[in-house]
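Please open the model in your viewer and keep the selection panel at hand.

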Amino acid sequence: MNLDSLKREFSNPANRFRFAPFWFLNHELNEAETRWQVREMNKHGVGGFILHARHGLITPYLSEEWMDQCAAAIDEAKNLGMKAYLYDENNWPSGPADAKVYEGHPEYRQSGVVISDEFNVRRGKVQQTLQVGDELIAAIGVPVEQDEPIGFPESAVNLADFIKGDTLEWVAPQDFRVYVFSRIWHPGGTVFFGDYVDTLNPQAIARFIELTHKEYTQRFSEEFGATVDGIFTDEPSMMPQRDDAAPWTPRLPGEFEWQSGYPLLPVLPALFRDMGPQTAKIRCDYWATVTELFAKNYMKQIYDYCDSVKLNSIGHLNCEGELMPGTRCHGDFFQAAQYLHWGGCDYLGEGTWPTDEGAYPANNVAACKFASSAAHLLGKPVVMCEAFGLGSQWAIDLRNLKWMSDFIIALGINLLEPHAFYYSIQGFRKWECPPGEFYQSPFWSYYRLLADYTGRLCMLFRDGQHRADVAFLYSNKSMWAEMDPAGSEIAEQLTDSFNQLTRLLLKLNYDYDFVSEEMLQAADFTDGTIGIKKPDGEVAERFKILVMPAVTTVSRQTGEALRNYVAEGGKIIALGSLPTKSAEYGEDEAITDIFREMFGDDYDRSLKVAKARRPVTSKKNLEEWAGGLLVGSPPGTPDEEMLAPLGEALGAAIDPDVTVIDADGEPVPDVVHLHYIRAGHHFLLLQNTSREQSHQCTVAVGFTGDVSFWDAETGEVTPVYVAKGSENGLSVPVSLPPTGSTVLCIEPDFPGPSTPIIDADLPIIQVTDKEAVGLVAEPGQYSVTVGSHTEPRIVSAGVRNMPKVIELGDTWEFKTDKPNALPLVHWDYQMDNQVTGRDTFRERCIFTATFDAEIIPTEAKLLLDGLAVEKVWERSTIINYTVLVNGQSLAELTPGQYLDHYIYEASLEDLLQEGRNQVQIITEGHLYAPGALRDPVIIVGRFAVAGQRRPRLLPQPEQIKTGGTSRATPIIRASPPTASSSGSLLPRKPASCICKWTGLVTWPR
């Protein structure tokens, strides 16, 4: 695609680049509503949707009725040129097919192995009742001296022949410690249908594919690869939801012995306890086996089937952003992710940088980086992200959605899946994983602004070549070696180091991709760089340096590869401990020798980092160092203490492609960037992650060319007015307000920037052949540097006086977009039960609420959240209910327009009165339970509300106080004369001014 084509696509991006939200199909579906919702999405700039059966669904899942509704949605999408993506489960996680997989096969449920009993025995006769879980797996005895294992694993004894029922009867030849291992089934209760599927079992997953994927194929295969572009698999995991359990499946012992060459049962104690020098080897062999089973039996089975029917297998793994939980869930991210056609991840909560705060302390940086790294290095065209889930409930706004979108895209994502668009928010549905961004949201009328904006960015940063300086070692084998499996002190330290490094590199303006050990083993190290190869052998990306978080264990092949890399002139920076173990042998002197050879004295220092109180940095001369360098970060070290030493080391090692610096030449930690090459042009996305702090910074790149600004809000491409070029590169001043972002395009065919302005000490807003126009905020002398870059000249102008600050009033006119709402939450309840005949009975529930009104509001309606859509007798009959307002029957309720189509409403015209008002809800049951009032009845209209227990309707205010004096500062538009190199410009009538007011933001709330 050439530059002109890119500009056209940027102006109006195709639907394949636009939002594809999780569409929560969570009520009784009907075709008219389904088609209307698809059209509504399209009207507001949404490019596709994921057909996601969700909690609250009434239409039977996978029934003919369900398939008909999917068909209507797909047909409407086809007519509009949109994309439709299938989803392979009812709710989540994927695998059980709404529990149908377990019908006749309860053994297909997920299970784990735990230590259910553990005790010491003395030499001699033993008779001990064993504590067994759901099913005994093994009892293993290990000889001990002073409570320490001896001779393990060769000394371990399988006690199966000595167990009768649940009793061990044995003559111990010496002192032993006995470990009893039991199978426990997934406890259920953590997902809507109860149990995870056994993702290690090929028969279970084949059954899942038969029940789900093949059913969709029979109905919609003609649209596969076109309108229907993929099927989403959500959060598969091999890990039981107990921290003290390790994955288990009946075929595991055989698979383990086949891959590792020794039996599994006698070495099970090493998965849970430190059993000596070979503990790391045994754990690595175990996790390698279960990882292979998960990747082959779940991920690859689904991938191969989808591939055979021209359907992309898309979705994301469980806990992909969290090192230890992610390792427990899938073992090796890249081994599993290779069997997704597209990269994918989940982005939870409203935040950017990783934090331990809140209910979901997810590492969203790592999640996005894993997904984009898989795409960049494994040759995947699209990187999807399930975005915004659990972000600020229903208080989310467009400004923060844009802020998160920018961050996600800057981390390499190029297709956003908003979580979520609700088919309905009636009743409890509104509280199932909000926020929602669909038509029920107050900002929906403005949503196209965001949809167009993100569509442009996703288009621009797809189908190109990612550029980053740093390869970040994925330390999962260290986690394999240190988990027991709940974790350990060392595993926590490894996690802290990993999480910190994900932040530090970005805050120092060094972009990166995660690389696995297997990728490094196959890499090309020409000229001391790291060329990571795609599966077809072509180099996908080339990195300038390897940076490692704390590690304890790598494979010997990785050690040898890194020694070759250093021999070619490559450099490594370590943030913590260096390995003493190999995956093949456990404690391994060969690994120690390799890393001591590369790091010298820094190797021994690295082993002390975890217990140090302050950073442990190298004593090497940075100007001369080669090979490895330690910049050690003890657990709990604040990022601020590590930025300088790590930045100094990186700066000494490489010349970065992109830097973002402040006026003092220091990196700007709040600003992240993404560098892509499209159509031979360099594109840079820069985002200010701060919601409070603006930044005036300079973007410096190690190449030159002509520069333009691509405005993702409007789709316009305009010149950059100020840029400085040289033989060594290019620098461009950039102003980034809080949550602000910008896109620069650098065209390398030009020898340098074409703008006549090289430098300026004021913002330039316009340049013509006669003048440069800038904005001045205060009196002073200002200048611009113009002319050619080889013969520059300075033009200056002085501003002596400024207009006075304009004092704005503290009272503003005010009007709401929508009528106000009063939820009635305090109700009196009365039971009214009567025998109405020999064999008939009437049961009534009477709910009564009151409120006062000083006015009779206009546009008044009553919203009934429930009852009007509840049914009895297998959903065939609407429940019997009556609504009385001040003793008069309410007009027929009709599908809602104010909030949700399934929250019915009726006009209150002529029913409300000044003074006391009463609302009564009466439900009746005849041989069935009467309906209950589970959600507030809502009164809407043009009014204000006071009081809680006894609310009052008041006149709607027409003015609002700002909370303090507001001020507007006029800013002079200064146009220095171009005829001379100096001059004085007195203030004239301002041609433009900017009014700054607290709470005013660019994006509509």
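Select Phe814 first, in the loop between β46 (811–813) and β47 (820–824); strands here are DSSP runs of E with at least two residues, helices are runs of H or I with at least four, and both are numbered from the N terminus. This is a predicted model, in which local features need pLDDT of at least 70 and side-chain atom pairs count only at pLDDT 80 or more, while totals for chains, interfaces and linings use all residues. Residues are numbered from 1 along each chain as its sequence is written, and side-chain values use heavy atoms, with hydrogens and water left out.

Phe814 has a relative accessible area of 32% and is therefore partly exposed; buried means under 20%, exposed over 50%, and partly exposed in between, with a 1.4 Å probe and protein chains only.

Next, display the open sheet of six strands, ordered β19-β32-β33-β39-β35-β36 with antiparallel pairing. Its edge strands, β19 (465–466) and β36 (717–719), each pair on one side only; two strands pair if DSSP finds at least two bridges between them. Within this sheet, β33 (residues 681–688) and β39 (residues 741–747) run antiparallel and are joined by six bridges.

Move on to Pro748, in the loop between β39 and β40 (757–760). Its relative accessible area of 32% makes Pro748 partly exposed. Which residues does Pro748 touch, not counting those up to four places away in sequence? They are Gly680, His681, His682, Thr704 and Gly705, where contact means heavy atoms within 4.5 Å. Select Asp706 as well: 42 residues apart along the chain, the C-alpha atoms of Asp706 and Pro748 are separated by 6.7 Å.

Finally, select Asp511, in the loop between α15 (489–507) and β21 (512–515). Asp511 counts as buried because its relative accessibility is 2%. Show the side chains of Lys369 and His466: a polar contact of 2.4 Å joins Asp511 to Lys369, and another of 2.8 Å joins Asp511 to His466. A polar contact is a pair of N or O atoms within 3.5 Å; within protein, one must be able to donate a hydrogen and the other to accept it, and residues adjacent in sequence count only if both atoms are side-chain atoms.
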